[in-house]
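Here is a short briefing for a reader new to this structure. Please look over the sequence and the model before reading on.

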Amino acid sequence: MNTPIDSPLILLLSVLVLALAGLALVSYRRRERDHRSFRQELEAREQQLRLALWASGELYWQYDMRTQHLERIRIVADADNDLAVRLDQDRDTQIHPDDLPRVLDALRAHLRDDTAMLQTELRFRGEGDDWAWMRAHGRTIQRDADGRATLVAGTARNIDALRELEGQNEIAIEVMRNMAESVCVLDSDFMFVAVNLAFSRMSGYEEQEVIGKDASLLNGRQHEPEFHAAAREAMRSQDHWTGEMWQRRKDGVDFLCAMQCTTIEDPQTHQRRYVIVASDITERRRLEHELRFLANFDPLTNLPNRAQLSDRLERAITQARQCDARIGLLFLDLDNFKDVNDTLGHAIGDRVLRAAARRLLEAVGPEHTVARIGGDEFTILLENINTVEDADRYAQRIIEAFETPLLPDERYEFTISPSVGISLFPDHAQTASDLLKHADTAMYQAKATGKRTFVRYAEAMDNDIRQRANLITALRRVLERDELQLVYQPQVNLRNGRIGSVEALLRWNSPEFGLILPGQFIPLAEESGLIVPIGEWVLAEACRTLAAWRRAGIDPRLVMAINVSALQLLRSDLAGSVQRALVGNDLPASVLELELTESVLMSNAELARERLRAFRRMGISIAVDDFGTGYSSLAYLHRLPINTLKIDKAFIDGLASNEDSEDTTITTTIIAMARTLGLQVVAEGVETPEQLAFLEQHACDLAQGFWISRPLPAEACLRFLRGDPVPAPVDIGPLDPDPTPA
Ligand code: C2E
Ligand code: MG
Ligand code: MG
């Protein structure tokens, strides 16, 4: 039942309860909401943290000092890119034993408060069994009541890749430092950023002297400024540039550089860098030039050589063909140049060649090519000449130019004459090699016609050349085919009229070519070296004949004179052959006389003297043949161990015909001088009784010549020696046809 007093109270209470309940609900709701939003915020923070950890590639670690537990938290992304936390816990330390002491040192230092932060690099055993390099940072995050650290925590990251990169960088830097090529790095304004040791070696600048300076520091003065500007522009516009550039060393010496420039981008600053690798090619270039010069020019005279001449000749022919022009080729050889070399030595010979080259250049003028193609052989290429006679005129001009003595050096003058052969395009040949060959042939002809002259090529000349080649071929077989023969020419002693000696002279009876005189084949035998075996045969044959004559009862004092070539004296065992010939025929050395020409004695004078002394010691006489035709002086010859002078026929020819002739003076002078030097004198080529009388009158010792006797075969000579009548020319006719000039 309702009481009126209670009902409003109850109502009020009810309202209050309701209000409180409402309030509680609201506050709960609010708390609930706050809580939720806090949790959400926390989750969001955690997610951010995870993200940060994941993105940074770091892992979180903490180390419990008391339990020695190491906890590591890593964030891994799953297939859906959701980030999950991975917790690893290790009890045993997984730090590389080599790194552990260092890590512990760092930890102790941190715990001692020596370092505010623990920092270390270490190898940690990761997944699998591999060691991974880690860089760790951390600090104490919890201490106990006594202030002792209980928990250390921090982050760590894998630095394998970084360390590899750093390793590679170090290697790269080391390689660059030690490269043999100079390396420099320039910035985008061409300022030095880095250089290596080779750069310093090459340029003379130390690293600190160039860093920050403009690379133009090294610009050589060999280039115009535009050249350097263009090179920079090329480097700027291309990723790669190569070129050559003269650079100047610190000491001012220029050097040539082969450069390779590569453009790179600085990984940090993204600025352009030029890496220039350079090598000094100055020496290489000089050698190349030298080789090119040597390949094309003669280093002695600086004239074009054979190769260069061929090139120019080919070009000239092509041009001449196009415009119907004519080319002349002169082939020039200095007369008796070999004697110059032999008698005066190679140093003087070289000077004579240089002087001859200068003389030729003066004579033909700069519009024509003068080339030296070997030894004393020169060629002159005359371009654009009109007539055949034009070439003749040049040849004549050259011969006249050589009439004025050459000046090999300031001290003395030297006269030498040239022989010139001429060939013409298109008259004689169409190709360079044929033109050269024909000019050469013509030159030989000029020599044969008496030197100091020029001859134009003619087809018939080729036959002579062929003949020469055929002769040499046949000459190789003369000994085996027994085609050689000796004839003997007596020399009369003018004091007692007795035959004092005979000279052995070679004859070649060739079935193909008939009788060939020594003047024709001895030079070929000398050139081919065949003179050595032939000379040996002569020695043996002459000694054999003399021994036979002695057995037949001729005067045992009779001397056998034998001609000897340079090659035999200087390059063969002549002493051995002589010894064998004497011993084999039981002859004393005193019956032998060796005849040598002046040029043989003067070539290699030292060796000649030494060899001759040995012969003199053996008791063999030495005669100088053809005296008066060479360069030697009597005074010089006297220093050689010689016994006899044979005055050349050329002087005897002029005797008696005219008492005042030059030959008369020369002959009487030679006789008088030889007498004072204690030498015996023989006159060669005596052909008339007047000559003989003159010689007798001037106290010449011996005479040899057709007037006394022609060269005779052994049998006939023996009869002559015995004083038996020699059946006139019939016997000797084929062996010594007609009075041939010696
Ligand atoms: P040579 O030694 O001066 O010999 C003298 C030459 O003059 C010989 O010529 C001889 O026949 C020639 N003759 C001699 N008297 C007269 C004369 O009155 N009038 C003329 N017109 N000529 C005369 P040949 O035999 O033709 O020899 C020429 C040269 O060949 C020799 O000159 C000598 O240098 C060389 N010779 C000859 N035989 C030999 C040899 O066995 N060995 C070497 N290495 N050379 C030799
Ligand atoms: Mg002789
Ligand atoms: Mg002679």
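In helix α13, Arg468, Leu471, Ile472 and Leu475 meet Gln520, Phe521, Leu524, Ala525 and Glu527 of helix α14. By class, this contact has 6 nonpolar, 1 polar and 2 charged residues. The model is predicted.

- Helix α13 spans residues 461-475, and helix α14 spans residues 518-528.
- They pack at an angle of about 75°, and their axes are 10 Å apart.
- That angle makes α13 roughly perpendicular to α14, because angles of 65 to 115 degrees count as such.

**Arg468**
- Arg468 is part of helix α13.
- Its relative accessibility is 27%, so Arg468 counts as partly exposed.
- Neighbours within four places in sequence aside, Arg468 is in contact with Tyr444, Leu524 and Glu527.
- Phe227 is 241 residues from Arg468 along the chain, and their C-alpha atoms are separated by 62 Å.

**Magnesium ion (ligand 2)**
- The protein donors here are Glu503 (OE), Asn563 (OD1), Glu595 (OE) and Asp625 (OD).
- These donors lie 2.0 to 2.2 Å from the magnesium ion (ligand 2).
- Along the chain, they follow the spacing E-x59-N-x31-E-x29-D.
- Asn563 sits in strand β22 (residues 559-563) and Glu595 in strand β23 (residues 592-597).
- This pair, 32 residues apart, links distant parts of the chain.
- Asn563 is partly exposed, at a relative accessible area of 29%.
- Glu595 counts as buried, at 1% relative accessibility.

- Asp626 lies in strand β24 (residues 621-627), while Glu684 is in the loop between β26 (680-683) and α23 (689-697).
- The two are 58 residues apart in sequence, so the pair ties those parts together.
- Asp626 has a relative accessible area of 25% and is partly exposed.
- Glu684 is buried, with a relative accessible area of 11%.

**Where the two sites join**
- Which residue coordinates both magnesium ions, ligand 2 and ligand 3? Asp625 does.
- The two ions are 4.2 Å apart.

Note on methods
Residues are numbered from 1 along each chain as its sequence is written. Chains are lettered from A and ligands numbered from 1 in the order in which they are written. This is a predicted model: local features need pLDDT of at least 70, side-chain atom pairs count only at pLDDT 80 or more; totals for chains, interfaces and linings use all residues. Side-chain values use heavy atoms; hydrogens and water are left out. Donors are N, O and S atoms within 2.8 Å of the metal (3.2 Å for Na, K and Ca); water is not among the atoms, so sites may look incomplete. Helices (H or I, at least four residues) and strands (E, at least two) are DSSP runs, numbered from the N terminus. Buried means under 20% relative accessible area, exposed over 50%, partly exposed in between (1.4 Å probe, protein chains only). Axes are lines fitted to C-alpha atoms, for helices over the stretch in contact, and angles run from 0 to 180 degrees between N-to-C directions. Angles under 35 degrees count as roughly parallel, over 145 as roughly antiparallel, 65 to 115 as roughly perpendicular and the rest as oblique. Contact means heavy atoms within 4.5 Å. Ala, Val, Leu, Ile, Met, Phe, Trp, Tyr, Cys and Pro count as nonpolar, Asp, Glu, Lys and Arg as charged, and the others, Gly among them, as polar.
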